[in-house]
Amino acid sequence: MSPAGAAGAAGADLLVVGGGPAGLATALVAHRVGMSVHVLDRRPGVVDKACGEGLMPGGLERLQALGVDPPGHVLTGIDYVTPAGRRAQASFASPGRGVRRTVLHAAMRAAAQDAGLTIAHRRLDVTRELDVRADHVLLDGARYRWVVGADGLHSGVRELVAAPARRPAGAVPARVLPRRYGLRAHLRTAPWTSQVQVRFGDGVEAYLTPVADDLLGVALLSARRATFADHLSRLGEFGRHLAAHPASDWGPVAGAGPLWQAVPRRVAGPVLLVGDAAGYVDALTGEGVSLALAQAPALVDCLVAGDAPAWERRWARMTAAHRIATATLVGAVSRRPTRSALLGASTTWPGLFQRVVRSLADA
């Protein structure tokens, strides 16, 4: 890997801004098809951030296809539990994996290093430092045929592509959905299940993901901005059970939000967006990393074909089902009556619930 500094004076076919899973997956795929690639990230080394940390089966297969196989804890399905103890469960067709974000990032950085990819570290003022021309982009005098923004939920590269946010095609209008926020911490305990368990409380959902034999990821989603402890207190007896663990058993809390990011377009000339930067609905389904891993080869296919504008259509097609399902579920679980009806239907028609879960997990 290159030392901190510019992305490389000689330029390349592709500059990827953002060295997380979406950016590294895009860089690895592009490198495999013969492109010269530079990756630019504002933070050096392995980075931890708020993340559900569950790799769905489809995402795990794509990661392994890149030669990346990080250790973690097997995930066999989803288990929804109401405060009254009513459950809706579904198993995956093949195993997923709970993986600490730091473990995943380290494995992907190692794969990039093994591939000989150039990764530089600096804070980039996108609108001032990237000189976007009709068919290329200049950075510090170096020429790049394309720039891909993979810089996350609050993307800076998005400012070069997207006009003020409006409703993305095929999704519920933003005003219908609450502005939601996520908090995540880790509890040092042996997981009691191999499923991702979802617990509902008063205005909060808890997503419990085993990520090691002695570590449980606890992600809390809510429209309320509150402390981790306050959210736990709204999970009833189960929340009190978690809160009873000593402070020494808990890792630091990380946060993210607002989660909904309505992005009107993903391509503007030689600049494209991928992963969370390309648009995000909610963390409810836990598929952010898996979706990014699916998007990377599709975006690179468009570049290889010399048809960057096609990425807009490809993105819309490949994410439509996820966006609609996620927006619908967020609207449903945010209101107690519709949440109860949804869980009731899931227990009444378990076969349908199973098919829905598997279709999303394998996408």
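Student: Which residues of helix α2 (residues 57–65) are buried?

Tutor: In this predicted model, the buried residues of α2 are P57, G58, G59, L60 and L63.

Student: Why is W192 called partly exposed?

Tutor: The relative accessible area of W192 is 40%. Buried means under 20% and exposed means over 50%. W192, at 40%, is in between, so W192 is partly exposed.

Student: What makes F238 buried?

Tutor: F238 has a relative accessible area of 12%. The cut-off for buried is under 20%, so F238 at 12% counts as buried.

Student: How many aromatic pairs are there in the whole structure?

Tutor: The search finds three. One of them is W192 with F238, an edge-to-face pair.

Student: Why is the pair of W192 and F238 called edge-to-face?

Tutor: Two values describe a ring pair: the distance of the centres and the angle of the planes. For W192 and F238, the centres are 6.1 Å apart. Rings pair if their centres lie within 6.5 Å, so these two rings qualify. Their planes are at 80°. Over 60 degrees counts as edge-to-face, so that is the name for this pair.

Student: Where in the chain do W192 and F238 sit?

Tutor: W192 is in the loop between β10 (181–187) and β11 (195–200). F238 is in helix α7 (residues 236–243). They are 46 residues apart, and the pair links distant parts of the chain.

Student: What makes F228 and W250 an edge-to-face pair?

Tutor: The ring centres of F228 and W250 are 5.5 Å apart, and the planes are at 70°. The limits are within 6.5 Å for pairing and over 60 degrees for edge-to-face. F228 lies in helix α6 (residues 228–233), and W250 in the loop between α7 and β14.

Student: F228 and W250: buried or exposed?

Tutor: F228 has 10% relative accessibility, and W250 has 18%. Buried means under 20%, so F228 and W250 count as buried.

Student: How do you know that R199 lies over the face of F238?

Tutor: R199 is at 4.1 Å from the ring centre of F238. The distance limit is within 6 Å, with an angle limit of 35 degrees from the ring normal. The 4.1 Å value meets the distance limit, and R199 is listed as lying over the face. R266 lies over the face of W315, at 3.7 Å from the ring centre.

Terms used: Residues are numbered from 1 along each chain as its sequence is written. This is a predicted model: local features need pLDDT of at least 70, side-chain atom pairs count only at pLDDT 80 or more; totals for chains, interfaces and linings use all residues. Side-chain values use heavy atoms; hydrogens and water are left out. Buried means under 20% relative accessible area, exposed over 50%, partly exposed in between (1.4 Å probe, protein chains only). Helices (H or I, at least four residues) and strands (E, at least two) are DSSP runs, numbered from the N terminus. Rings of Phe, Tyr and Trp (its six-membered ring) pair if their centres lie within 6.5 Å; planes under 30 degrees apart count as stacked, over 60 as edge-to-face and the rest as tilted.
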